[in-house]
Amino acid sequence: MKKIIVPIDFSEESLKGLKLAIIYANKFNSDVMMVHVLSRKNVKFYVELENQYNRVLEEFEDIKRKFRKKLHQDCDFSYIIKYGKVHEEVAHQAEAFDDSIIICSTNGESGFSDFIIGSNAYRIVQKTRRPVITVTSDKYITELERIVLPIDLTKETREKVPLVAQIAKAFDSEVHIVKVTTSTNEGIHNNLKLYATQVKKFFDEHGIKYQSSLLVGDNITDSTIEYAQAIDAQLIAIMTEQTMSLTNFILGSYAYQMLNTSPIPVLSVTPKGLFFTEGLRTTGG
């Protein structure tokens, strides 16, 4: 996690992403890069665009003055101004680095036309293959003590485990491995138990504290969030369940519901396909 990308629209809401990014940066000694995207739409004269650009520069310099002391001195604190569509440019900026993550607020609104974090956060998750942490409430802009790791029967579900382990290690967090299902079938429960056993082995090898639970309910999103709130977790880690349409990636229903309803920050990890990751088999079975 060498670079943390933070989309900013200069509203107080969007600064939640920056506040959380600084906490992560200080743990990982990461550089923080803020991104604002300008639109040329409805701009008739160059002077208007120039004035808008200068205004953004002033806003960024003001943010740097306010937050620089909160960030470890070894961490670079920068910003970039881009042109285009917000979700595309933020994703492109993250993809420019080999080891990057995006942290952003799921709500926010400013006087800057076409840059409203709330309407772009889900699009950013869809567009990038980099991990994304979305935050809604100031309550969870804090150190990580507990992470909820839902495990289901999809072959991709364990792809998020190495990153969760990395985060847990940095914060000395306890990971709650939560086997989630809508079924009461014993065979399904046994398969989930097998998956969880593989995750436990990986955590044991990497010195990660953990607990394990089984959640059975009609809506696994609600069940996961309720569990996370009950244990006062500060992060829920999910796979985005992306599927390809004719024109773009579409978030699966579980990921969309989680991003749309969770008051707790959500780490979204995009499936990378069938591969082996740091000794943890991520293929099905």
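Two strands count as paired if DSSP finds at least two bridges between them. Helices (H or I, at least four residues) and strands (E, at least two) are DSSP runs, numbered from the N terminus. With that in hand, here's a tour of this protein. Residues are numbered from 1 along each chain as its sequence is written, and side-chain values use heavy atoms, with hydrogens and water left out. Keep in mind that this is a predicted model, where local features need pLDDT of at least 70 and side-chain atom pairs count only at pLDDT 80 or more, while totals for chains, interfaces and linings use all residues.

**The big picture**

The protein has eight helices and 14 strands. Of its 285 residues, 53% are buried; buried means under 20% relative accessible area, exposed means over 50%, and partly exposed is in between (1.4 Å probe, protein chains only). Now think about contacts, meaning heavy atoms within 4.5 Å. Among contacts with a separation of 6 or more, 79% are between residues 24 or more positions apart.

**The sheet**

Ten strands make an open sheet with mixed pairing, in the order β3-β2-β1-β4-β5-β12-β9-β6-β7-β8. The edges belong to β3 (77-83) and β8 (209-216), which have a single partner strand each, so one side of each is left without a neighbour in the sheet. On average, neighbouring strands of this sheet are turned by 25° against each other, direction ignored. Angles like these come from axes, which are lines fitted to C-alpha atoms (for helices, over the stretch in contact), and they run from 0 to 180 degrees between N-to-C directions.

Helix α6 (residues 186-206) packs on the sheet and touches β6 (146-151), β7 (174-181) and β8. The direction of α6 makes about 165° with that of β7.

As a reminder, strands of a sheet pair through backbone hydrogen bonds, either parallel or antiparallel. Here are some of the pairings:

| Strand pair | Sense | Bridges |
|---|---|---|
| β1 (residues 3-7) and β2 | parallel | five bridges |
| β2 (residues 31-38) and β3 | parallel | seven bridges |
| β4 (residues 100-105) and β5 | parallel | four bridges |
| β5 and β12 (residues 266-269) | antiparallel | three bridges |

Isoleucine 5 has methionine 33 in β2 as its bridge partner, and leucine 38 stands opposite tyrosine 83 in β3. Isoleucine 102 stands opposite valine 132 in β5, while threonine 134 has valine 266 in β12 as its bridge partner.

How enclosed are these strands? Seven of the eight residues of β2 are buried, so β2 is largely enclosed by the rest of the structure. In a regular strand the side chains alternate between the two faces of the sheet. Strand β5 (residues 132-135) is covered on both faces: Val132 and Thr134 are buried on one side, and Ile133 and Val135 are buried on the other.

**Two helices that cross**

Two packed helices are described by the angle between their axes and the distance between the axes. For α1 (residues 15-28) and α5 (residues 161-171), the axes come within 9 Å and cross at roughly 80°. The two are therefore roughly perpendicular to each other; that label covers 65 to 115 degrees, with under 35 roughly parallel, over 145 roughly antiparallel and the rest oblique. On the α1 side the contact uses Ile23, Tyr24, Lys27 and Phe28, and on the α5 side Gln166, Ile167, Ala170 and Phe171.

Helix α5 is mostly covered, with eight of its 11 residues buried. Among them are Val161, Leu163 and Phe171. Just after α5, aspartate 172 takes a positive phi of about 55°.

Is isoleucine 236 buried or exposed? Isoleucine 236 is buried, with a relative accessible area of 0%, and its place is in strand β9 (residues 235-239). The C-alpha atoms of isoleucine 236 and valine 148 are separated by 4.7 Å, although the two are 88 residues apart along the chain. Leaving out residues up to four places away in sequence, isoleucine 236 touches residues including Val148, Pro150, Met258 and Leu267.

Glutamine 52, in helix α2 (residues 46-67), is also buried, with a relative accessible area of 17%.

Finally, the cysteines: cysteine 75 is buried at 1% relative accessible area, and cysteine 104 is buried at 0%. A search of the whole structure finds zero disulfides, a disulfide being a pair of cysteine sulfur atoms within 2.5 Å.
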